[in-house]
Amino acid sequence: IASGRPALAIDPLRIASGNAVAAEALAWAAPQLAGGPVLFYSPADPAAESQAAKKQRVAELRAGLPAEAKPALALLDAFAKREFRLWTTLRHEVVAQGEAATMALVVGLAELDWEVRAFTASCVAELGATRCAEALRRAVAEEPFLEARRQMTLALAALKDAEARDLFAKAAASTDPGLRLAGVRGLASVVFALLALGELAA
C-alpha cells in the first residue's frame, strides 16, 4: 500500500455472508494488471471495529438522553447487572415510566448485551412505544441472536408497524418455530390495522 500500487481491501465478513467477493476482486484487478501487480489485503478485524463502533454509538445515545429518560435507563442498567434477570418485574417498572422511557428504550435496543436488547424490545411491546419503531426495525435487521430477534419481531407486531412487513415476511419464513410465529403474528397485525383503516379490501 505504501508503494502506491493499486490495493483492494477484502472484508472477510462479506465472504462469510456469501457475497461474490472473489469475482468482484478479479473484476477490479483485471484493468489494473497491465501496470503491474496489485494487492489484496484484509483490514483490521472488522468484528472488532464493528464492536468499537457500537460502543461509541451507545455512548453517544446515552450522552444525549434527556433527564426524564434517565430513570428508565437506570432500570435497564439494573437489568443488565443482575445475574438472575426478572423480566416481568423490571419490565413493569420500565413501562411505568410511560412516554419518558422512550428514548431510554432506543438506547437499550442498541446495547451490546443481546439479552438487554431482547428485554428492551419486550418493554417496547408492553408500552406500545410507537416512537421506537424505526429503532426496532434497524435493530432486528442487525440482530444476530435468535431470541432477541424474536422479541423484536413481537414488539413490532405489537406496534402494528406496517413498515416492518418485509421483516415479518422474512421471520414467517424462518425454520425456527418461535420466530416464525412472531412473523405470522406481525403480518396479521398489519393486515388487521390496514383493514381498520379501510386501506385493504376485506
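Student: Why is Glu-143 called buried?

Tutor: Buried means under 20% relative accessible area, exposed means over 50%, and partly exposed is in between, with a 1.4 Å probe and protein chains only. Glu-143 has 6% relative accessibility, so Glu-143 counts as buried. Keep in mind that this is a predicted model, where local features need pLDDT of at least 70, side-chain atom pairs count only at pLDDT 80 or more, and totals for chains, interfaces and linings use all residues. Residues are numbered from 1 along each chain as its sequence is written, and side-chain values use heavy atoms, with hydrogens and water left out.

Student: What makes Glu-143 and Arg-117 a salt bridge?

Tutor: A salt bridge needs a side-chain nitrogen of Lys or Arg within 4 Å of a carboxyl oxygen of Asp or Glu. The side chains of Glu-143 and Arg-117 meet at 2.6 Å, N to O, and that is a salt bridge. Glu-143 is in the loop between α8 and α9 while Arg-117 is in helix α7, so the pair ties together parts 26 residues apart in sequence. Helices here are DSSP runs (H or I, at least four residues), as are strands (E, at least two), numbered from the N terminus. Arg-117 is buried too, with a relative accessible area of 9%.

Student: How many salt bridges does this rule give?

Tutor: The count comes to eight salt bridges. One of them joins Arg-137 and Asp-161, whose closest N and O atoms are 2.7 Å apart. This pair links distant parts of the chain, with Arg-137 in helix α8 and Asp-161 in the loop between α9 and α10 (165-172), 24 residues apart. Arg-137 and Asp-161 are both buried. There is also a network of salt bridges linking Arg-62, Asp-77 and Glu-111.

Student: Which salt bridge does Arg-131 form, and is Arg-131 buried or exposed?

Tutor: Arg-131 meets Glu-99 in a salt bridge, side chain to side chain, at 2.7 Å from N to O. Arg-131 lies in the loop between α7 and α8, and Glu-99 in the loop between α5 (87-95) and α6, 32 residues apart. With a relative accessible area of 53%, Arg-131 is exposed.

Student: What does Thr-102 reach and touch?

Tutor: Thr-102 has its place in helix α6 (residues 102-110). The side chain of Thr-102 reaches the backbone oxygen of Glu-99 at 2.9 Å. Leaving out residues up to four places away in sequence, Thr-102 touches Ala-129, Arg-131 and Cys-132, where contact means heavy atoms within 4.5 Å. Thr-102 is buried, with a relative accessible area of 2%.

Student: Why is α6 described as largely enclosed?

Tutor: Eight of the nine residues of α6 are buried, so α6 is largely enclosed by the rest of the structure. Among them are Leu-105, Val-106, Val-107 and Leu-109.

Student: Why is the pair of Phe-79 and Trp-87 called edge-to-face?

Tutor: Rings of Phe, Tyr and Trp (its six-membered ring) pair if their centres lie within 6.5 Å; planes under 30 degrees apart count as stacked, over 60 as edge-to-face and the rest as tilted. By this rule there are four aromatic pairs. The ring centres of Phe-79 and Trp-87 are 6.1 Å apart and the planes are at 80°, so the pair is edge-to-face. Phe-79 and Trp-87 are both buried. Ring pairs also link Phe-79, Trp-87 and Phe-119 into a cluster.

Student: And what makes Trp-114 and Phe-145 stacked?

Tutor: Their centres are 5.6 Å apart, with 20° between the planes, and that makes the aromatic pair of Trp-114 and Phe-145 stacked. Trp-114 lies in helix α7 (residues 114-127) and Phe-145 in the loop between α8 (133-142) and α9, so the pair ties together parts 31 residues apart in sequence. Trp-114 is partly exposed at 29% relative accessible area, and Phe-145, at 41%, counts as partly exposed.

Key
Polar contact = N/O pair within 3.5 Å; in protein donor to acceptor, adjacent residues only side chain to side chain.
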